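Subject: Structure handover

Hi,

Here is the structure I promised to pass on. My notes on it follow below.

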Amino acid sequence: VSTQSTWERALDDLNKAVEEARKQRTVSTQRLEISAESLQNLRSLLYPGAEPVDLRAVAAAADGVPQIWLDQVSAALDKLLSDSASKQDARRALQTVSLLVHNLVTNPSLEKYREVDVTSARFKVLGGVGVELLELAGFEGHGDALVLPQGQSLDSAERVRDLLEDALRDYEQRWRSARGDEQPEVTTPAAAATPSSAPWMSSTMLRRLSQDFDGFG
């Protein structure tokens with residue numbers, strides 16, 4: 001995939017998010033949602049050669065989420081992957097936890113998604129780290145089940161869901177990192193393109209993006 005097409009997709013994602021927010025500008029609480037992948041692409045365009053940044057962690061920290069909680073989720077994710085017998089098993093385990101949290105977040109009123117039987121064969125393969133991830137999402141232990149209490153905020157569950165989905169989206173890199181065999185990324189001339197080499201982006205848009213990303217430099 002060419003560098004130009006990559007940035008065109010990232011810019012298209014940004015434009016769609018801005019347009020959606022403009023259409024709903026009468027709602028004061030409307031959030032502007034841009035994918036983490038697009039933000040990383042835009043950042044590397046503005047700051048060639050810069051180290052990758054965990055943008056969800058940055059956003060969570062800005063929202064007042066304790067760093068220790070983020071570290072616990074990251075450590076649990078790494079343990080889930082490193083403890084699995086194979087790469088395929090690790091992906092399946094990650095998908096299982098992700099599905100459990102996703103179902104809860106999207107259907108919080110359904111009791112069947114608010115309770116997880118930890119004695120089930122499907123859950124047992126996750127081991128203790130599966131319990132840890134669900135507890136970080138807000139579940140609490142009740143006998144042989146993990147239950148999300150009534151009235152419990154879904155904020156932690158939503159953040160865990162996002163982090164799990166990010167790990168699945170960038171699974172190859174997360175797998176290598178968890179196993180301790182991550183290879184350094186090789187920077188090619190195309191990957192080191194500067195803003196001036198992106199003629200499809202206007203100077204006004206580049207200035208606005210530069211201002212937005214100053215905090216990540």
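Start with helices α4 and α5. In this predicted model, α4 covers residues 67-82 and α5 covers residues 87-106. Their axes lie 8 Å apart, and the packing angle is about 140°. Angles over 145 degrees would count as roughly antiparallel, so α4 is oblique to α5. On the α4 side, the contact is made by Leu 77, Leu 80 and Leu 81. On the α5 side, Ala 90, Ala 93, Leu 94 and Val 97 make it. By type, the contact residues are seven nonpolar, no polar and no charged.

Next, the core. The largest nonpolar core has 34 residues. Which of its residues touch the most other members? They are Val 73, Leu 80, Leu 94, Val 97, Val 101, Leu 134 and Phe 139. Helices α4, α5, α8 (127-136), α9 and α10 (171-179) each supply at least two residues of this core. In soluble globular proteins, nonpolar side chains tend to be buried together.

Take Leu 134 as one example. Setting aside neighbours within four places in sequence, Leu 134 is in contact with Val 97, Leu 100 and Val 101, among others. Its contacts also include Val 116, Phe 123, Phe 139 and Leu 146.

Now the charged residues. The structure holds seven salt bridges. Side chains of opposite charge can pair when their charged atoms come close.

- Asp 78 and Arg 174 meet through their side chains, at 3.2 Å from N to O. Asp 78 is in α4 and Arg 174 is in α10, so this pair ties together parts that are 96 residues apart in sequence. Asp 78 is partly exposed, at 24% relative accessible area.

- Glu 172 and Lys 87 form a salt bridge at 2.5 Å, N to O. Glu 172 sits in α10 and Lys 87 in α5, so parts that are 85 residues apart in sequence are tied together. Glu 172 is partly exposed, with a relative accessible area of 36%. Lys 87 also counts as partly exposed, at 34% relative accessibility.

- Asp 166 forms a salt bridge with Arg 169, and the closest N and O atoms are 2.6 Å apart. Both residues lie in helix α9, three residues apart, about one turn of the helix. Asp 166 is buried, with a relative accessible area of 18%.

Salt bridges with shared partners also join Lys 87, Arg 91 and Glu 172 into one network.

Is Arg 161 buried or exposed? Buried means under 20% relative accessible area. Arg 161 comes in at 19%, so it counts as buried. Arg 161 lies in helix α9, which spans residues 155-169. Not counting residues up to four places away in sequence, Arg 161 touches Val 101, His 102 and Val 105.

Last, the whole chain. How many helices and strands are there in the protein chain? There are eleven helices and three strands. Along the sequence, the pattern reads α-α-α-α-α-α-β-α-α-β-β-α-α-α. The protein chain has 217 residues, and 32% of them count as buried. Among contacts with a separation of 6 or more, 67% are between residues 24 or more positions apart.

Best wishes

Technical notes. Residues are numbered from 1 along each chain as its sequence is written. This is a predicted model: local features need pLDDT of at least 70, side-chain atom pairs count only at pLDDT 80 or more; totals for chains, interfaces and linings use all residues. Side-chain values use heavy atoms; hydrogens and water are left out. Axes are lines fitted to C-alpha atoms, for helices over the stretch in contact, and angles run from 0 to 180 degrees between N-to-C directions. Helices (H or I, at least four residues) and strands (E, at least two) are DSSP runs, numbered from the N terminus. Angles under 35 degrees count as roughly parallel, over 145 as roughly antiparallel, 65 to 115 as roughly perpendicular and the rest as oblique. Contact means heavy atoms within 4.5 Å. Ala, Val, Leu, Ile, Met, Phe, Trp, Tyr, Cys and Pro count as nonpolar, Asp, Glu, Lys and Arg as charged, and the others, Gly among them, as polar. Buried means under 20% relative accessible area, exposed over 50%, partly exposed in between (1.4 Å probe, protein chains only). A nonpolar core is a set of buried Ala, Val, Leu, Ile, Met, Phe, Trp, Tyr and Cys residues joined through side-chain atoms within 4.5 Å. A salt bridge is a side-chain nitrogen of Lys or Arg within 4 Å of a carboxyl oxygen of Asp or Glu.
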